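Trainee: Could you take me through a close look at the sheet in this protein, and at what lies against it? I would like one connected account, please.

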Amino acid sequence: MSISYAKPFRLLSVLANNPVEFLDRSLMIAGVKFAALYDRKSSYELVDWDSLVFRLNEILGPQFRSALSESQLASLTSWLSAKQLTLPPDAPFGVFHNGDRILAQLCYAVVRARRPRHILETGVCYGVTSAHLLAALDANAEGHLSSIDLPPLGERNYDYVGWLAPPDLRGRWSLHRGTSRKLLRPLLKGLGSVDLFVHDSLHTYKNMKMEFESLWPYLSPGGVLISDDIEGNSAFQEFVSRPDVLFHAAIQEQDKHSIAGVLVKAGQRE
Ligand SMILES: C[S@@+](CC[C@H](N)C(=O)[O-])C[C@H]1O[C@@H](n2cnc3c(N)ncnc32)[C@H](O)[C@@H]1O
């Protein structure tokens with residue numbers, strides 16, 4: 001979510017080339033303006049990283065902690081650092097969109113410990129979280145990631161979605177271009193169930209609530225929901241008080257002001 005959606009010239013060129021996308025983007029701009037007026041910030045009791053690792057290790061299994069020192073994760077981190085240095089100066093998105101290190105590590109370790117068959121993610125941009133999810137699926141040698149993204153406006157923007165996802169890991173990936181409002185429900189229906197959901201798209205109350213509520217009947221028992229930017233509105237906070245939530249936590253991210261949330265659905269894993 002950024003002010004780049006409001007670049008009037010680019011938006012007009014979308015109108016000429018793709019009126020449906022123009023309508024989607026216009027609705028998103030209206031949603032962001034509405035959220036700026038009416039969304040109320042949430043405050044959370046924050047956990048520190050060591051406590052979160054301890055609890056998720058108990059709940060998801062001991063591979064959670066060991067995953068964090070795996071060579072595959074270290075290799076991905078080096079690969080991403082090198083790749084980011086090659087980002088062309090005229091690349092369409094600001095790197096401020098990139099997922100934070102805490103969020104990325106959380107994604108990697110949850111996948112290694114939970115061994116999901118299906119992961120669904122909203123919000124890709126250059127693809128920090130996607131790269132971590134894919135690397136963990138590769139280490140598991142099973143599972144698939146489906147991602148939804150409508151990229152920020154910009155020159156050749158579609159070419160850069162998932163630019164940071166290592167090409168040799170893309171075999172386990174389906175990338176769907178469009179808004180989560182349109183694509184999420186049909187994808188959930190097609191998948192039947194999801195073991196891990198990662199929200200990092202449009203962080204308005206309306207959109208986050210829609211994503212969480214659409215997901216919930218499809219999230220498998222013991223399934224995990226990870227969300228970026230839970231502090232901007234009350235969607236995550238309202239959700240964690242459900243009786244079928246086994247565990248939830250909020251953590252301050254390392255390189256951003258954002259807060260990430262994680263919750264585990266109650267029930268026995270199949
Ligand atoms: C914060 S970035 C995602 C960062 C990414 N998870 C990472 O770790 O690098 C948010 C992305 O979601 C996209 N987006 C925003 N609103 C969306 C929506 N309603 N549906 C789908 N994608 C959306 C943005 O254009 C952008 O590409």
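Mentor: Happy to! A residue is called buried under 20% relative accessible area, exposed over 50% and partly exposed in between, with a 1.4 Å probe and protein chains only. By that rule, buried residues make up 53% of the 270 residues in the protein. This is a predicted model, where local features need pLDDT of at least 70, side-chain atom pairs count only at pLDDT 80 or more, and totals for chains, interfaces and linings use all residues. Residues are numbered from 1 along each chain as its sequence is written, and side-chain values use heavy atoms, leaving out hydrogens and water.

Now to the sheet. Helices (H or I, at least four residues) and strands (E, at least two) are DSSP runs, numbered from the N terminus, and two strands pair if DSSP finds at least two bridges between them. Here 7 strands form an open sheet with mixed pairing, in the order E3-E2-E1-E4-E5-E7-E6. Its edge strands are E3 (173–177) and E6 (245–252), each pairing on one side only. Within the sheet, E1 (residues 118–122) and E4 (residues 194–199) run parallel and are joined by 4 bridges; Thr122 has His199 of E4 as its bridge partner.

Angles run from 0 to 180 degrees between N-to-C directions, using axes fitted to C-alpha atoms, for helices over the stretch in contact. Helix H7 (residues 128–140) lies across E1, E2 (144–149), E3 and E4, at about 170° to E2. Helix H9 (residues 205–215) lies across E1, E4 and E5 (219–227), at about 175° to E4.

Technical notes:
Contact means heavy atoms within 4.5 Å.
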